[in-house]
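Student: I am new to this structure and would be grateful for a close look at a single part of it.

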Amino acid sequence: RDKPSAVCGVSAEARGCRGYRAGGGKVSVEVLDHLEHLALVDFRDAEGVERLQKAIQFADQLHEVNTNGVEPMDSVLEDRCLYLREDDVTEGNCTKELLENAREKVEEYFVAPPGNIPLPKLEERETFLQGSQ
Amino acid sequence: SQSSSLCKTTPSTAKSPRKIVFVGLEIHAQISSNSKLFSGSQVQFAAPPNSLVSFFDASLPGTLPVLNRRCVEAAVMTGLALNCSINKKSLFDRKHYFYADLPAGYQITQQRVPIAVNGSLSYSLCIDNKMSQMVTKTVRIKQIQLEQDSGKSLHDDTRSQTLVDLNRAGVGLMEVVMEPDMCCGEEAAAAVRELQLILQTLGSSQAVMAEGQLRVDANVSVHHPGEPYGVRTEVKNINSMRFLAKAIDYEIQRQIEELENGGTILNETRAFDSKLGCTVPMRDKEGQQDYRFMPEPNLPPLILYDAKSLPANMNHQQVINIDWIHERLPDLPSVKRKKLVEQYGILPEHSFTLLNEDGLAEFFESVVKQTQMKPKKVIGWILKDLLSYLKQHSLTVKESPVSSFLLADLLNLLEKKEISSTAAKQVLAELWKGEGKTPLEIVKEQKLELLQDQKELEQICQAVIDGHENEVMAIKAGNPKVLNKLIGLVQKKTQGRSNPVLVKQLLEKKLSG
């Protein structure tokens, strides 16, 4: 599978194969499921999904601009000079300060849950998306 | 010289038709620098947890990346050494995924336009495990990109938690992508070994696998000739050169067996279990990752210059000149080997061994400088006597109790025929003890000097001849091998202090008369 393109942060696969813009701007269940996995967002109800679709439609207005033959711009900084720093040690040594923000710590280590806990598959979890078209 | 692939296709057996194997590599080399890629925290192995972490490394809001010049130079050097085209304009991107040791939730990397592309690496293999036959192969380098390293996770399964140390987070990495031109573990290991030597010669990375400065992921796929390419698996967690070939060969075998049994290969990530010697599916890597690549908005494009495009009015410190770096590249291992062979008349496989051990080539050259013995003879002492001793005692060349000065001193005694080569080995064994004695002192102590008195030697030879009529008759009857017995007897009588070549000459002279 090819790597996703960088346009709008949405993968080409999502836009193309998953019927992203099929049927009058409706977002497919596969894409919604994918978004729930990625962002751990729960769309909760039809209104939530509708809000998402309206947001996408709003952003789609950008496509009305003809960009044929125009180099995409990454940021307004793109013709600035990228500053190169000398290879000197100037930071660090602030363990105490950094750990002040940690809810839990063990001997100067941050504590995190044991690895990524994957979201169960669509069929196996409680979500509004179950059984929706 | 190029040879056709040794193992591109597996052999055909009655049970299964031949299969084509593809092995590609993604190698992450930690850049050797004082500070990190985008921050001023120190780069150091084994420091107290979270002591080498800046606010940026911890991804605190309001912090920004600032590119380290040294890291760019390291990547350019490496690209040039691997025959790559250096992109004068390259870009930074964000690669998003969630993991506790990646506090920002994304890694800054170069996905769209990396710093170097389209290179090649030549490496050598011994055929049939014999050092005497070496073949050269080439692997294409797809690209080299600059990217951040992540922190370290220590999994504590008993307490169901992960401890995170961000000391490594943000350290500069060069990812070297090798195309699937290799076809077995041995080729992959040889390619990685050569890359390691190149990186160490350049100084762009110390590339010590044991300290995580060189990490290798292998992409393995297998298919029948004429059929579409097979599904690829990624093998991670290979952390030593020893396991690299093993892990890859296991995975190749696993895929072949799976296909022969009518199974399918899943496009998955597998980890190498060094204890069991097999690859297992990795937990935590379920489903396809969607990295949501996007341009890094806080970094403008990285512009590099060469002699032609050098800007007139820019601060030197802000300009990286590819040609200037090219002119200052040191001799790469392949060039060093060639020079050693040409200068000293040693065999190509000798040059490989010399460069394979840190400091050994320098030791050899140092001995050659200090002795009259020909380099072709010295190399034997270096590769057989010195190296095997060091290996037996797990010592590096630097830790050798016998210095190049002492060895040269010993070889001079041998060359001047003051001792026999057997005696020389005895002296060497004594020198290993590192008691500070010179070779000459040991020779005197153990009375190993060769008898210089020709008359005395002649008398002893005559005595041996007189005492062994049967052997003399055998020799005169046309059995020359028996002469060796007589030589041995003279050696015994002289307590090893006679030159066997001279003894042979004397005996032959006496017997022919």
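Which residues are buried in helix α7 of chain B? Please continue from there to the sheet and the aromatic pairs.

Tutor: This is a predicted model, in which local features need pLDDT of at least 70, side-chain atom pairs count only at pLDDT 80 or more, and totals for chains, interfaces and linings use all residues. Residues are numbered from 1 along each chain as its sequence is written, chains are lettered from A and ligands numbered from 1 in the order in which they are written, and side-chain values use heavy atoms, with hydrogens and water left out.

Helix α7 of chain B spans residues 360-370, and its buried residues are L360(B), A361(B), F363(B), F364(B), V367(B) and V368(B). Buried means under 20% relative accessible area, exposed over 50%, and partly exposed in between, with a 1.4 Å probe and protein chains only. Helices (H or I, at least four residues) and strands (E, at least two) are DSSP runs, numbered from the N terminus. An α-helix has 3.6 residues a turn, so residues three or four places apart point the same way. The cover over the buried residues of α7(B) includes α5 (333-344), α6 (348-356), α8 (375-392) and α9 (404-415) of chain B.

Chain B also holds an open sheet of nine strands with mixed pairing, in the order β3-β7-β8-β11-β1-β12-β13-β14-β15. Its edge strands, β3 (85-86) and β15 (278-281) of chain B, each pair on one side only; two strands pair if DSSP finds at least two bridges between them. Two bridges join β3(B) to β7(B) (residues 116-126) in the antiparallel sense, and I86(B) has A116(B) as its bridge partner in β7(B).

Over all chains there are seven aromatic pairs. Rings of Phe, Tyr and Trp (its six-membered ring) pair if their centres lie within 6.5 Å; planes under 30 degrees apart count as stacked, over 60 as edge-to-face and the rest as tilted. F22(B) and Y229(B) form an edge-to-face pair, 5.5 Å centre to centre with 85° between the planes. F22(B) lies in strand β1 of chain B and Y229(B) in the loop between β12 and β13 of chain B, so the pair ties together parts that are 207 residues apart in sequence. F22(B) counts as buried at 18% relative accessibility, whereas Y229(B), at 67%, counts as exposed. Ring pairs also link Y97(B), Y291(B) and F293(B) into a cluster.

Conventions. Contact = heavy atoms within 4.5 Å.
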